[in-house]
Amino acid sequence: MKADKFTPVLTGYYRFSDILFEWHKEISDPAERSALKAFVSSNSLGDPGNPLRTDKEKGIKLFIGTLPSGLLRLMFSSGQIEYIRYWLHAMGFTKELLPLPTSDYLLTNSTLRNCSETYYKDAAEVKKALREVDKNNRRLRGTDSGLMSFRQIFEKVRKYWGDKAGTWLAIDFEAWEMEHSLLTECGWSYLQLQGDKTIEKYGHYIVKENITYTNGRYVPNQRNNYNFGQSEVLNKATFKKEISGMITEFQKLGPLFLVFHDCNQDVMYLKSSYINAPIEGIKYFLPDNTPDNGTFVIDTSDLFSALEGDVSEKRSLKKMCDLLRIPTEYMHNAGNDAHYTLLALKSMASGNQLDIQREERWPNQTEGSAETGSTVKVKHNAWDEDSDYSDMEGAFGRPVDGRMIDQQLSGLTVSDDEDM
C-alpha cells in the first residue's frame, strides 16, 4: 500500500490586517463569511466573552513581530487561527472547518527578527494598535541603520526577560578621579526570574587599600552614601575573589546577562588584574533565540537610545532614570549606580513592545510624520528634560507676578484696573 505523502504543517503568525480584511474573501458561503468577519472584528476581540481571551484580566493576546527591514506587524498566532476555525465549526456557524488563510499571509520565525506578545483590553485598544503600527511603520522607513540595530537589541532583551532566562547582573565601578586605573568601589545588583518567584540581591564593596583615595574635585564623592544596605570594606584579594566568584557561580546557572550603563570602562575593569573576571567568551551580539548559556553584555544606554529613537547622543544614567521616572539619590556611589542601572533595565525589559512603550511613556511626543520624513525620535517636554524647570513655566509661560499664579490656579482672572 502506498503511503500518503506527508505534507508539513507550517506554524507561525498571520498578519492581523490580512485576517481582518482578506481571509473572509476566500469563504463562498455568505453566512459563514459573515460569522468569520464578526468573530475577528475589533469589537468582538475586545469583548470580554471572546473565546480567544485566555486571560480575562489582561485582555486579548496578540503579537507584534519585527520584519528584517525593521517594520512591524500586528499578528495572530497560527494556533489562534486554528482555534477560530474549530470554534466556529463546533458552535455550528460553519458546516465544515473553514479553509486556512493562504500561506502568503503567514510569517514564520525565520522571516521575523523577533516577536513579542501584547494584550489589549477592549476594541478601542485593538483599533489604536492597528493605527499605531501603521503610523510607526511610516516613520521607520529610511531610519538610520544604527537605530535599527538598537531597536532589534531592545526587542531581544524583552524576549529574554519574558522567557525568564538566566541571571541579570548589573555592575558598576568607581575609580579615583586622578588615576582611573585605581579602583575604589564596586557595586552590584542582580535579579533572577524563576517562575513566579523573583530573587533580587545587591551590594557595595569598597577597596580597603585605596580608601584614602577620595574623589570630589571632578566627580562627586558619594562613597559613604550607599542607599541599599551596608557597604563592605574588602582588601584587594577578597574584592577580586567576591566579584569573580559571583560571576562564575551565575555562569553555571544558565545565561548571564551583564548589565551596564555605557559598558566599555566597566568591562575593561572586569578584565583588569583587579578583578580578572572569567569573561573570556563574553558576547556583545545577542542571538535571536533566548540562549541556554553564555555571558552577554546588555547596555542600558543602547536600550534607552532605541526607546527614545535617537542614537546621536547617549544619555547619562541620571538623565535616563529621570526620564524613566526612577527616583535616584547619591549617584556616583557604585552600589547605587548598579542598582539604578538594573531598575532601568527592568523598567524597559518588562514593558510593552518598544513603540507602544515609547508612546505610553511620552504620549504624542514623537517627532515627524510620513510627510516630513522618517523619525521615531522623542521630543521631550521642557519639564522632562530639566528637573529645575518650573511647572508654572510649562503651564502659563514665565510668570511675572506671584499673585497672578495664585489667581490663575484658582480659576480667577485679574481685572485690568486692579492695582498690581
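1. Which side chain meets K61 in a salt bridge? The partner is E117, at 3.8 Å from N to O. The pair ties together distant parts of the chain: K61 sits in strand β2 (residues 60-66), E117 sits in strand β5 (residues 114-120), and 56 residues separate them. Keep in mind that this is a predicted model.

2. How exposed are the two ends of that bridge? K61 has 23% relative accessibility and counts as partly exposed. E117 is also partly exposed, at 40%. Both labels follow because partly exposed covers the range between under 20% (buried) and over 50% (exposed).

3. The bridge belongs to a longer list. A search of the whole structure gives 16 salt bridges. Another of them pairs E22 with K25, with the closest N and O atoms 3.4 Å apart. Here E22 is partly exposed, with a relative accessible area of 26%. K25 is exposed, at 56%.

4. Buried or exposed: which describes E308 and R315? Both are buried. Their side chains meet in a salt bridge at 3.0 Å, N to O. Buried here means under 20% relative accessible area.

5. Some bridges share partners. D29, E32 and K95 are joined in this way into one network.

6. Now the pockets. The largest pocket holds about 710 Å³ of space. Its lining counts 25 residues, and S116, E117, R158, K159 and G162 lie nearest the centre.

7. Which elements supply at least two residues each to the lining of the largest pocket? They are β5 and α6 (145-162). The largest share, six residues, comes from β5. By class, the lining has eight nonpolar, nine polar and eight charged residues.

8. The second largest pocket contains about 580 Å³ of space. It is lined by 21 residues, with D172, F173, E174, H332 and D337 nearest its centre. Two or more lining residues come from each of β6 (167-176), α8 (264-271), α10 (317-323) and α11 (334-349).

9. Which element gives the largest share of the lining of the second largest pocket? That is β6, with five residues. The classes in this lining divide into seven nonpolar, seven polar and seven charged residues.

Notes: Residues are numbered from 1 along each chain as its sequence is written. This is a predicted model: local features need pLDDT of at least 70, side-chain atom pairs count only at pLDDT 80 or more; totals for chains, interfaces and linings use all residues. Side-chain values use heavy atoms; hydrogens and water are left out. A salt bridge is a side-chain nitrogen of Lys or Arg within 4 Å of a carboxyl oxygen of Asp or Glu. Buried means under 20% relative accessible area, exposed over 50%, partly exposed in between (1.4 Å probe, protein chains only). Helices (H or I, at least four residues) and strands (E, at least two) are DSSP runs, numbered from the N terminus. On a 1 Å grid over the protein atoms alone, a cavity is a set of points where a 1.4 Å probe fits but cannot get out, and a pocket is an open set with protein on both sides within 12 Å along at least five of seven lines; lining residues have an atom within 4 Å of a point. Grid points are joined across faces, edges and corners, and a volume is the space filled by probe spheres set on the points. Ala, Val, Leu, Ile, Met, Phe, Trp, Tyr, Cys and Pro count as nonpolar, Asp, Glu, Lys and Arg as charged, and the others, Gly among them, as polar.
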